[in-house]
Amino acid sequence: MTSDWYRDDILVGGTWRPVRRTHQVVNPATGWPVGCAAKADRADVDAAVRAAGDALVEWRATPPRVRAEGLTALHTELKGRRDELTNCIVAELGAPIRLAREAHVDQALDVLAGFVPIAEELAEPERAGSSLVLARPAGVAACITPWNYPLYQLIAKVGAALAAGCSVVAKPAELTPMSAYLLADAVLAAGLPAGMLNLVPGSGTEVGAALVGHRGIATVSFTGSTAVGRQVGRTAGEALQRMSLELGGKSASVVLDDADLPSAVRATVESACYNSGQTCSAWTRLLVPRQYYEEALQLAADRANTLAVGDPTDEATDLGPLVSADQRTTVSEHVARAIADGVRLVAGGSERPPGLDAGHYFLPTILADVSTADEISREEVFGPVLVVQAHDGDDDAVRMANDSDYGLAGAVWSTDQSRALQVAARMQTGQVDLNGAAFNPVAPFGGWKSSGVGRELGRHGVHEFCEFTSVQI
Ligand code: NAD
């Protein structure tokens with residue numbers, strides 16, 4: 001354990017300032033305290049926004065090439081701290097160490113690297129007929145993040161904002177603030193100008209709410225639940241602030257009748273259980289051809305029952321605990337209600353696996369005989385729970401996939417790539433992976449419908465932090 005994880009300070013204008021109140025961080029696998037973070041207040045927010053405004057003057061005038069060099073220096077610093085970042089995410093979130101390293105840290109580094117050439121591109125105005133279109137920094141950005149990918153979410157926002165020439169006030173989630181401190185340390189060590197990143201950990205209702213609608217904030221980048229996203233959207237809308245909202249999901253994995261069924265089912269179960277099911281873009285609805293329904297259920301149960309649930313510090317573990325007791329109660333109640341409503345439990349459905357006497361665990365759970373009207377197929381559970389449904393062909397599968405308030409991600413499985421692409425193009429969702437294709441850190445990421453407004457990552461993500469000026473020549 002390192003003292004870097006016990007913090008009582010906020011970062012304002014390049015200086016760490018102690019505050020009176022702190023908040024304990026608890027390891028969800030053991031229930032033991034592993035760190036603490038400052039609990040900032042509204043006055044701290046005002047100071048941080050002022051410092052970010054001061055820093056903006058220099059940073060927005062910095063040539064994009066120099067901003068790109070700053071991002072590269074930050075990438076180098078973070079890479080040098082890979083092990084500490086990984087251990088921190090294991091401790092604060094309970095993510096299994098292999099996943100923490102690859103999905104939380106390395107993927108965040110890939111996203112950051114993706115912003116470097118885009119920062120450089122901003123030096124060249126786009127030509128639109130007789131106009132030059134200048135992409136200019138929008139101003140001070142408020143970046144508010146959830147607990148499920150604490151480092152990744154913050155880097156996706158801070159990297160894009162800095163690439164665009166914005167300065168940032170960041171508010172991490174209360175449950176997982178420690179990796180945000182490590183990111184802030186790396187920003188300072190990378191030599192980025194003081195005040196580019198200001199860090200104000202604290203509660204959503206106090207610090208988050210003070211940032212949204214704040215007169216010194218030009219743009220709000222929020223990732224979190226749809227319910228809080230709506231509130232943020234209302235306040236930012238009233239203030240006519242730019243906003244991007246990355247919210248919840250209930251994504252469909254669509255298996256066509258010519259697909260490799262075992263691969264498709266296996267990958268979908270793994271997606272639903274990734275990060276213990278606490279992934280906004282997880283495929284949590286598996287849609288399979290009716291004639292293969294029972295076979296798919298057996299394959300899904302087999303995979304769910306062989307995923308290794310347990311100690312997150314063990315390299316062999318696939319699923320650690322959920323982030324908190326409250327989160328486990330939420331998941332458990334969703335599953336209990338579904339079963340009471342007549343849904344068939346095919347695997348899992350219970351809490352701590354045998355042999356573990358602590359931790360907020362929930363076993364990988366497969367549910368069958370679920371209709372598209374059932375709550376369990378409509379609401380985000382945010383735990384390792386997959387519902388399996390039968391479809392009657394491509395049109396029916398598209399209809400079912402789109403019969404959702406959400407539209408964040410999805411998958412299509414078929415041995416015919418052009419058929420899969422046709423289905424993907426009809427899905428009302430921000431991302432679709434064909435046959436398990438890899439995540440792309442520079443492709444736009446974001447949601448349709450209740451999954452949000454705006455896009456993150458790559459050029460689209462950087463443009464969320466830009467204002468555009470057309471100059472007719
Ligand atoms: P949450 O909405 O409770 O909190 C998110 C952040 O908002 C936290 O930092 C919180 O302190 C802050 N907050 C709370 N109330 C606020 C307010 N009134 N004003 C401003 N900020 C406020 O979400 P969570 O429980 O931390 O995260 C889980 C949710 O995030 C899930 O619904 C998940 O789908 C979603 N999520 C979405 C994406 C995406 O990219 N679409 C990615 C990750 C997580």
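**Entry 1: hairpins**

How many residues lie between E3 and E4 in their hairpin? I looked at the turn and found six residues between them. Gly 31 sits in that turn with a positive phi of about 80°. I noted that the model is predicted: local features need pLDDT of at least 70, side-chain atom pairs count only at pLDDT 80 or more, and totals for chains, interfaces and linings use all residues. Residues are numbered from 1 along each chain as its sequence is written, and side-chain values use heavy atoms, with hydrogens and water left out.

My element names follow DSSP runs, numbered from the N terminus: helices are H or I with at least four residues, strands are E with at least two. Two strands pair if DSSP finds at least two bridges between them.

Strand E3 (residues 22-26) and strand E4 (residues 33-38) run antiparallel, joined by five bridges. I checked Thr 22, and its bridge partner in E4 is Ala 38.

I then turned to strand E1 (residues 9-12) and strand E2 (residues 15-18). They pair in the antiparallel sense over four bridges. Ile 10 has Arg 17 as its bridge partner in E2. This hairpin has two residues between its strands, and Gly 13 in the turn has a positive phi of about 60°.

**Entry 2: aromatic pairs**

I counted rings of Phe, Tyr and Trp (its six-membered ring) as pairs if their centres lie within 6.5 Å; planes under 30 degrees apart are stacked, over 60 edge-to-face, the rest tilted. The count came to five aromatic pairs. Trp 16 and Tyr 181 have ring centres 5.6 Å apart and planes at 25°, so I filed the pair as stacked. Trp 16 lies in strand E2 and Tyr 181 in helix H6 (residues 178-189), so this pair ties together parts 165 residues apart in sequence.

**Entry 3: the open sheet**

Which order do the seven strands of the open sheet take? I read E14-E15-E16-E13-E12-E18-E19, with mixed pairing. Strand E14 (344-347) and strand E19 (433-434) stand at the edges with a single partner strand each, so one side of each has no neighbour in the sheet. Strand E18 (residues 410-413) and E19 run parallel, joined by two bridges. Val 412 has Leu 434 as its bridge partner in E19.

**Entry 4: the ligand**

I found 28 residues around the ligand; the closest are Thr 145, Glu 174, Ser 225, Leu 247 and Glu 380.

Next I looked up polar contacts (N or O atom pairs within 3.5 Å). A ligand oxygen is 2.9 Å from an N or O atom in the side chain of Lys 171. A ligand nitrogen is 3.3 Å from an N or O atom in the side chain of Gln 231. A ligand nitrogen is 2.6 Å from a polar backbone atom of Leu 247.

Definitions and conventions. A residue is near a molecule or strand if one of its heavy atoms lies within 4 Å of it. A polar contact is a pair of N or O atoms within 3.5 Å; within protein, one must be able to donate a hydrogen and the other to accept it, and residues adjacent in sequence count only if both atoms are side-chain atoms.
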